[in-house]
Amino acid sequence: MSIRILILGIGNVLWADEGFGVRCVEAMAETHALPPNVRLLDGGTQGLYLLPFLEDTDALLVFDAIDYGLPPGTLKVVTNDEVPAFMGAKKMSLHQTGFQDVIATATLMGYRPRDMVLIGCQPAELDDYGGGLRPEIAARIPEALCLARETLARWGVTVSDGRTASDLLANPAIRQAAYEQGRPSAAEACRTGDARFFPGQRP
């Protein structure tokens, strides 16, 4: 019987390179034909709401932006027991601690996936509200997908070119191309917050 595999992208697309994981699963859906035992999920920042998906999973592959302390754009793969340690090594946003909690809770409940792989990318920029991936980070997506295909091959999954439909991805209106091309200019929208509330600023 085929193992149940979940390919999960987590992160916040509203904060520049934080969206790396989500953009990876979107790209995989657009370029790969996956068999029925493999599911693609945009996990966003859902945290513990992802638990039911792990309960139905034998093998988990995660894409995420991870602060490894390496040069921007560096990809690093960690596996199994290393995964929760890296997910919480240095919190960049709420979703990382949240997903570490997901793995811990799944372990306590007895249904943590027996195989886990994390494909992480060192971000270049996070403090750009509404911003897209930096070019050097977006350029790593094809390599990240190659690493994912290698992982799937080890799990006995044959992947071919094509597309995979999934109702577990974000609305097309916030997919990468639509989101980044529709972004207002810096003159039209403050990209770091409301200037009226910055320390030292006066109305």
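Which residues does P113 touch, not counting residues up to four places away in sequence? In this predicted model, P113 touches L54, T57, D58, A59 and L60 when those sequence neighbours are set aside. P113 itself has its place in the loop between α4 (94-109) and β6 (115-121), and the C-alpha atom of P113 is separated by 8.8 Å from that of I103, a residue ten positions apart from P113 along the chain.

One of the residues touched by P113 is T57, which is found in another loop, the one between α2 (51-55) and β4 (59-65). Leaving aside its neighbours within four places in sequence, T57 is in contact with R4, I5, L6 and R39 as well as with P113. The side chain of T57 also reaches the backbone oxygen of F53, at 2.6 Å.

| Residue | Loop | Relative accessibility |
|---|---|---|
| T57 | between α2 (51-55) and β4 (59-65) | 4% |
| P113 | between α4 (94-109) and β6 (115-121) | 1% |

Because buried means under 20% relative accessible area, T57 at 4% counts as buried, and P113 at 1% counts as buried.

Note on methods: Residues numbered from 1 in each chain as written. Predicted model: local features only at pLDDT ≥ 70, side-chain atom pairs only at ≥ 80, totals over all residues. Heavy atoms only, no water. Helix = DSSP H or I, 4+ residues; strand = E, 2+ residues; numbered from the N terminus. Buried < 20%, exposed > 50% of the residue type's maximum accessible area, 1.4 Å probe, protein only. Polar contact = N/O pair within 3.5 Å; in protein donor to acceptor, adjacent residues only side chain to side chain. Contact = heavy atoms within 4.5 Å.
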